[in-house]
Amino acid sequence: MKRDIIACGQKVDIGTRVVLWSEQEGFECPNPRGRNSCSQHDPSLNDAPSQKFKNYKIKNPKTAYQELNENVYQLVLHYDVCYTSSHCHQLMRESPFKGSHFYLDLDGTLFQTCDLYWKTNTAPSDDKKGNERAVHVEISNLSWEALAKESEYYPSKQDKYKKTDKGWKLVLPQEYKTKILKRPFNAIPARTFGKRGYFSKKVNGKTVRMWDFTEEQYKSLEKLCIGLNKLLPGIKLKVPFDKKTGRHPLDRLNNYSRFHGVLGHCHVQNGSTGLECKYDPGSAFNWGRLHRAFKKTKP
Ligand SMILES: [Zn+2]
């Protein structure tokens, strides 16, 4: 079973399944780009239009790895507003510029879509330089699309989570259910809130109502962060935390461009410079859990 993540050909075993772009079940990033700060590729790859995947070649992997380590220091977390990772990939393919280095499916399976040397246009950040310094992961979760009264892209009369004898579960359309690698699989939120099941908190000024990610997703995410920190040590095992309040902030950080570690799309982009305001990974994401996992890892 393959469990490596890859940057400039260097590998780290992260201890959980990672499906690479080169595997049969894998996904190739439809729109990779060269990073401006890295020199080991043809500069025409920095801009649109996207070229054939095989054109994205690294000249000297050793130099490339050095350059990447000097310039990349953030892992940015996203929810994908999709049913599953295969659904997410389908939407990325329909776009002329979107992509993400990693997808994290409901069952905890990670997909790496290209070598981390490349840039993916996942979160420009308010300073519009965000993708240059970051690696991204799109974690499957419908966010508020799961609520009937707030659904817009996938309208339905019923909430997409259902309460059963065993608790809450995501009701997946058959076409997506069959594409999850672990089958049969029930997508159960890791935590639920009260009777209603979903969480509700303000993120960058908007009340975000959503069900939690799955236990399997949290476990794989912890391993991804720890593995990435080994591969690209600039990405510190650190999450946004306010020492004064003892809380994990959910709004855009003041020092977002200098933060070295793991943070959310919401922490780097509130739309103050004209971009879209972002809320992911949302109100249900358990920052405390990641924080505790990192503390245990540190020597
Ligand atoms: Zn995002």
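These legends go with a set of close-up views of the structure above.

This is a predicted model, in which local features need pLDDT of at least 70, side-chain atom pairs count only at pLDDT 80 or more, and totals for chains, interfaces and linings use all residues. Residues are numbered from 1 along each chain as its sequence is written, and side-chain values use heavy atoms, with hydrogens and water left out.

View 1. Three side chains hold the zinc ion here: His-78 through ND1, His-265 through ND1 and Asp-280 through OD, at 2.0 to 2.2 Å. Donors are N, O and S atoms within 2.8 Å of the metal (3.2 Å for Na, K and Ca), and water is not among the atoms, so sites may look incomplete. Written along the chain, the donor spacing reads H-x186-H-x14-D. His-265 sits in helix H5 (residues 265–268) and Asp-280 in the loop between H5 and helix H6 (287–297), so this pair ties together parts that are 15 residues apart in sequence. Helices (H or I, at least four residues) and strands (E, at least two) are DSSP runs, numbered from the N terminus. His-265 is buried, at a relative accessible area of 3%, and Asp-280 is buried too, at 6%. Buried means under 20% relative accessible area, exposed over 50%, and partly exposed in between (1.4 Å probe, protein chains only).

**View 2. The six-stranded sheet.** Follow the open sheet across and you pass S3-S6-S5-S7-S4-S12, with mixed pairing. Strand S3 (18–20) and strand S12 (261–264) are the edges, each pairing on one side only. From one strand to the next, the twist averages 25°; axes are lines fitted to C-alpha atoms, for helices over the stretch in contact, and angles run from 0 to 180 degrees between N-to-C directions. Two strands count as paired if DSSP finds at least two bridges between them.

**View 3. Strand S4 and its partners.** On one side, S4 (residues 74–79) runs parallel to S7 (residues 134–139) over six bridges. Val-76 has His-136 as its bridge partner in S7, and Tyr-79 stands opposite Ile-139 in S7. S4 is also joined to S12 by four bridges, again parallel, and there Leu-75 faces Val-262. Gln-74, Val-76 and His-78 point one way from S4, while Leu-75, Leu-77 and Tyr-79 point the other way. Six of the six residues of S4 are buried, so the strand is largely enclosed by the rest of the structure.

**View 4. The largest pocket.** This pocket has a volume of about 950 Å³ and a lining of 37 residues, with Lys-98, Glu-138, His-265, Glu-276 and Lys-278 nearest its centre. On a 1 Å grid over the protein atoms alone, a pocket is an open set of points with protein on both sides within 12 Å along at least five of seven lines, a cavity is a set of points where a 1.4 Å probe fits but cannot get out, and lining residues have an atom within 4 Å of a point. Grid points are joined across faces, edges and corners, and a volume is the space filled by probe spheres set on the points. Both S4 and helix H2 (85–94) supply at least two lining residues, and H2 gives the most, with three. By class, the lining has 15 nonpolar, ten polar and twelve charged residues. Ala, Val, Leu, Ile, Met, Phe, Trp, Tyr, Cys and Pro count as nonpolar, Asp, Glu, Lys and Arg as charged, and the others, Gly among them, as polar.

**View 5. The second largest pocket.** Its volume is about 320 Å³. Of the 13 lining residues, Pro-240, Phe-241, Leu-253, Asn-255 and Phe-259 lie nearest the centre. The lining of this second largest pocket splits into six nonpolar, three polar and four charged residues.

View 6. Searching the whole structure turns up one cavity of 30 Å³ or more, and the largest cavity holds about 30 Å³ of space. Its lining includes Tyr-161, Leu-170, Asp-212 and Phe-213, and by class has seven nonpolar, four polar and one charged residues. Tyr-161 stands opposite Leu-170 in S9. Strands S8 (residues 161–164) and S9 (residues 167–170) pair in the antiparallel sense over four bridges, and a hairpin of two residues joins them.

**View 7. Lys-129 in its loop.** Lys-129 lies in the loop between strand S6 (110–112) and S7. Lys-129 is exposed, with a relative accessible area of 56%. C-alpha to C-alpha, Lys-129 and Ser-156 are 37 Å apart in space and 27 residues apart in sequence.
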